[in-house]
Amino acid sequence: MSTVQISASDVNKLRQQTGAGMMDCKKALTETNGDFEAAIDFLRKKGAKVAASRQDRESNEGVVIARTSEDFKRGVVIELNCETDFVAKNAEFVAFGNEIANAAVQNKPASIEELYNLEIDVENSRIKIGDAIIDKTGKIGEKIGVSKYEVIEGDKVVAYIHGNYRLGVLVGLSKAVAGADEAGKDVAMQIAAMNPVAIDKDGVDATTIERETEIAKEQIRAEGKPEAMVEKIAAGKLNKFYKDSTLLNQEFVKDSSKTVAQFLDTVDKGLTVTAFKRVALGA
C-alpha cells in the first residue's frame, strides 16, 4: 500500500492532463506512489483508455427516466445511453440513471452541461456527474452519456415511464385537483402511444403548418380537383391534421367518444394540459 500522501491538486493536475475521472486519477496516483508518468500509464491500461477509445462508437441503447419533484410542480426526463441492450437492462446502470434524474430534479440545471457539473454520491464520495460517467464508461467498457434532458413546470406535473425505460413522458396540468394523478397518467399514456406534435393547433409551428398544407395541396391536385377548390380542401385537410396530431383534439385512447380535452373536462371543469415532453430511446 502506498504511503505517499496524494493531494487534491495532484489529482486535479492528472485530471487536466488525461481527462480521466477524479476517482480514477486518485487511484492511479495512489497505486503508483504519486509518479505522474506511471499514473498516466496506469490510466491508459484501465478505464480512461476505454473512455477515450470509445468516443466514436454508437450508443443508441440505454434508459429513459422521468421524475417529478416531491411537490409535483416540476418534472425532468433524461435519456442515458449505452451501446448494448445487455448494459441497458443492468440494475446498476438503471440505478445510475435514476441518480442523475434525481440530481436534475433537485438542482434544476439549465442544460446537459450544467447537469454534468452536478455532484452525486459515488462510493462514499461526492463526484461530478460528468466524472461519474467517465468512471462508468471505464468500468462498463461501453460509451455512455446523457443525450437528452427535458424539463417542465406546472401546477401539477405527472411523470410516466413506458416499455422498460424505453420511453418517458412528462405532463403538466393546469390544476392540482382530485384525480389529477390518474388523469395525468392517462394523458401521458396517450402521448406515449399517439406522439402528438403540440398541445393544440396554436402550438403547431409555422414550418409544420406550411409543410402539411403543401402536402395536402399536392394530393388534391394529383386527384384532379379544380384549382379553385384547392385552398378550401387543403384547409379541411389541415383541420384533420390538427385533430389527429394535436393532443387536446385527439380522440382519447381509453374512450374514443371523447377528445382528450373533453376527458380532462370530466375530471375537473377547465382542467387542461399546459405542457408535455415525450422522449423515446434513440429517437
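A cavity is a set of grid points where a 1.4 Å probe fits but cannot get out, and its lining residues have an atom within 4 Å of a point. In this predicted model, the largest cavity is lined by Met-23, Val-122, Glu-123, Ala-132, Asp-135, Lys-136 and Lys-139. The topics below cover this cavity, the nonpolar cores, the aromatic pairs and the lysines placed over rings.

**Cavity**

- A search of the whole structure finds one cavity of 30 Å³ or more.
- The volume of the largest cavity is about 60 Å³.
- Helix H8 gives the most to the lining of this cavity, contributing four residues.

**Nonpolar cores**

- The largest nonpolar core has 27 residues, among which Phe-96, Ile-100 and Ile-129 touch the most other members.
- Two or more residues of this core come from each of strands S1 (61–68), S2 (74–82), S3 (119–122) and S5 (145–153), and from each of helices H5 (85–88), H6 (91–107) and H8 (129–140).
- Helix H6 supplies the largest share of the core, eight residues.
- Leaving aside residues up to four places away in sequence, Ile-129 touches Ile-100, Ala-103, Leu-115, Tyr-116, Leu-118 and Ile-120.
- A second, separate core comprises 22 residues, including Leu-248, Phe-252, Val-260 and Val-273.
- In soluble globular proteins, nonpolar side chains tend to be buried together.

**Aromatic pairs**

- Two aromatic pairs are found in a search of the whole structure.
- In one of them, the ring centres of Phe-241 and Tyr-242 are 6.2 Å apart and the planes stand at 55°, so this pair is tilted.
- Phe-241 is buried, with a relative accessible area of 12%, and Tyr-242 also counts as buried, at 10% relative accessibility.
- The rings of Phe-252 and Phe-263 have centres 4.1 Å apart and planes at 15°; the pair is therefore stacked, because planes under 30 degrees apart count as stacked.
- Phe-252 belongs to strand S8 (residues 251–252) and Phe-263 to helix H12 (residues 260–267), so the pair ties together parts that are 11 residues apart in sequence.
- Phe-252 counts as buried at 5% relative accessibility, as does Phe-263 at 11%.

**Lysines over aromatic rings**

- Lys-13 lies over the face of Phe-36, at 4.7 Å from the ring centre.
- Lys-156 is placed over the face of Phe-72, at 4.2 Å from the ring centre.

Terms used
Residues numbered from 1 in each chain as written. Predicted model: local features only at pLDDT ≥ 70, side-chain atom pairs only at ≥ 80, totals over all residues. Heavy atoms only, no water. Core = buried A, V, L, I, M, F, W, Y, C linked by side-chain atoms within 4.5 Å. Buried < 20%, exposed > 50% of the residue type's maximum accessible area, 1.4 Å probe, protein only. Contact = heavy atoms within 4.5 Å. Phe/Tyr/Trp six-rings, centres within 6.5 Å; stacked < 30°, edge-to-face > 60°. Lys NZ or Arg CZ within 6 Å of the ring centre and 35° of its normal. 1 Å grid on protein atoms, 1.4 Å probe; cavity = no way out; pocket = protein on both sides within 12 Å on 5 of 7 lines; lining within 4 Å. Points joined across faces, edges and corners; volume = space filled by probe spheres on them.
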